[in-house]
Amino acid sequence: MIIIGSGIVGASAAYHLSRNGIDVTVIDANHEGRASAAGAGIVCPWITHHKHPDWYTLARRGALYYGELIKELKNDGESDIGYKQVGALAISKDDEGINQSQAEAMSKREAGTPEVGDIKRLSGEEARALFPLLNKEYQALYVSGGARVDAHLLCQAMQRAASLHGAQFVEGKASLTLKNGHVVGAEVNGELYAGDQIIVTTGAWTNELLSPLDHSITIKPQRGQIIHFGVKEYDTSDWPVVIPDSSYYMLAFDDQRIVVGATRETDSGFDYRLTAGGVKEVIDAGLEMAALENSSVSEMRVGFRPMGPDTLPLLGKLEGYHNVTIATGLGPSGITMGPYIGVVASEIALDHTLPFDLTPYNPLR
Ligand SMILES: Cc1cc2nc3c(=O)[nH]c(=O)nc-3n(C[C@H](O)[C@H](O)[C@H](O)COP(=O)(O)OP(=O)(O)OC[C@H]3O[C@@H](n4cnc5c(N)ncnc54)[C@H](O)[C@@H]3O)c2cc1C
């Protein structure tokens, strides 16, 4: 089996398949702007701006899959991935915003997902006890089932663990090889890697890879610029993720670091740059949410979200090519869903039955 792309989706597929004794070769071009290396790391579909039920089907399964994945990775000696269930704060300046988040989280918990956890309204002061730098005007709703992960570390851990189980990794840009109209493998640096099944997890770059085939899919890059702040006078290891009623967010990691994101630049193309406007936008958003004036700017990242035609992933076999499985289009939710989608893509390639209907995710829609 060949997997092209080893971001969060491809690395998870490689780990899942190799752990199950299947021979896999994983090819990655290490493109600048790989989404998984820039992603913030919020895993919390319990309070979200996404409303589509078919989105929630995968986001819920994605968030729940983390428990199993973390356990498996630990068994394989991988524990340093920054995953922690730190809870989430939905923040708002008015009651209405908090009411909406509360209704949403409660309905999800009541609809059979106890993992949403405790749901509690907090005063500004109570919220600041959990996230001390939060600005004073905000009140909050606390949801204990929110989590965060360092996606960059997670991808590396899944790749290492997949290698341990026999997966082979090849660095370079792949192009599909066809024989009599069938995809028989991928060529990298002049060498052919033959495979009976091909899993395509090439994110925003997918159409370039599919160019020798009769189909293209609806996918394009959306640039996200994101900034990491150092706050060395605080122990941030248990701070919850912060989700306001805007498009921005904030989360913390163990190493006295706060991440604020992000721009959503839909017509960016593959323009891999930090821009003055983008950096200002994210810093302004951070300062609006938290007292970060005295923090240091420790890192800025750029990533290309793979954006499909709507909010749903592009997932399934490519019509006319029985051995090509597409798994992309995770947009702004790929860290939440990505590891689970990697498993689903593997199961599709193996022609196994899935626990949900794939129809809404048809890659050619
Ligand atoms: C700033 C930012 C913040 C985000 N925050 C969150 C968040 O908090 N929570 C959340 O759930 N999601 C978040 N996301 C979304 C998430 O990061 C993405 O949806 C997810 O990482 C997509 O993963 P992927 O594996 O599909 O693609 P990618 O990570 O982009 O991987 C695709 C891989 O394919 C390789 N590739 C492409 N073409 C070829 C080729 N021809 N040959 C070989 N290799 C190839 C590339 O090198 C790359 O490594 C964020 C994204 C960004 C940009």
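Is Arg365 buried, partly exposed or exposed? Arg365 is partly exposed, with a relative accessible area of 27%. Here buried means under 20% relative accessible area, exposed over 50%, and partly exposed in between (1.4 Å probe, protein chains only).

The model is predicted: local features need pLDDT of at least 70, side-chain atom pairs count only at pLDDT 80 or more, and totals for chains, interfaces and linings use all residues. Residues are numbered from 1 along each chain as its sequence is written, and side-chain values use heavy atoms, with hydrogens and water left out.

The structure holds 20 salt bridges (a side-chain nitrogen of Lys or Arg within 4 Å of a carboxyl oxygen of Asp or Glu). Arg365 pairs with Asp310, with the closest N and O atoms 2.6 Å apart. Helices (H or I, at least four residues) and strands (E, at least two) are DSSP runs, numbered from the N terminus. Asp310 is partly exposed, at 36%. Shared partners join the salt bridges of Lys84, Arg148, Asp238 and Asp254 into one network.

A further salt bridge links Glu78 and Arg160, with 2.8 Å between the closest N and O atoms. Glu78 sits in the loop between helix 3 (53–75) and strand 4 (88–92), and Arg160 in helix 6 (residues 151–164), 82 residues apart. Glu78 is buried at 11% relative accessibility, whereas Arg160 is partly exposed at 44%. Within helix 8 (residues 276–289), Lys280 and Asp284 lie 4 residues apart, about one turn of the helix. Their side chains meet in a salt bridge at 2.6 Å, N to O. Lys280 is exposed at 54%, and Asp284 is partly exposed at 38%.

The ligand has 39 residues around it, and Asp28, Arg34, Ser36, Gly331 and Thr336 come nearest. A residue counts as near if one of its heavy atoms lies within 4 Å. By class, this shell has 18 nonpolar, 17 polar and 4 charged residues. Nonpolar covers Ala, Val, Leu, Ile, Met, Phe, Trp, Tyr, Cys and Pro; charged covers Asp, Glu, Lys and Arg; the others, Gly among them, are polar. A polar backbone atom of Ala29 is 3.0 Å from a nitrogen atom of the ligand. For His31, a backbone N or O atom lies 3.0 Å from a ligand oxygen atom. The corresponding distance for Ile42 is 2.9 Å, again to an oxygen atom of the ligand.

Terms used. A polar contact is a pair of N or O atoms within 3.5 Å; within protein, one must be able to donate a hydrogen and the other to accept it, and residues adjacent in sequence count only if both atoms are side-chain atoms.
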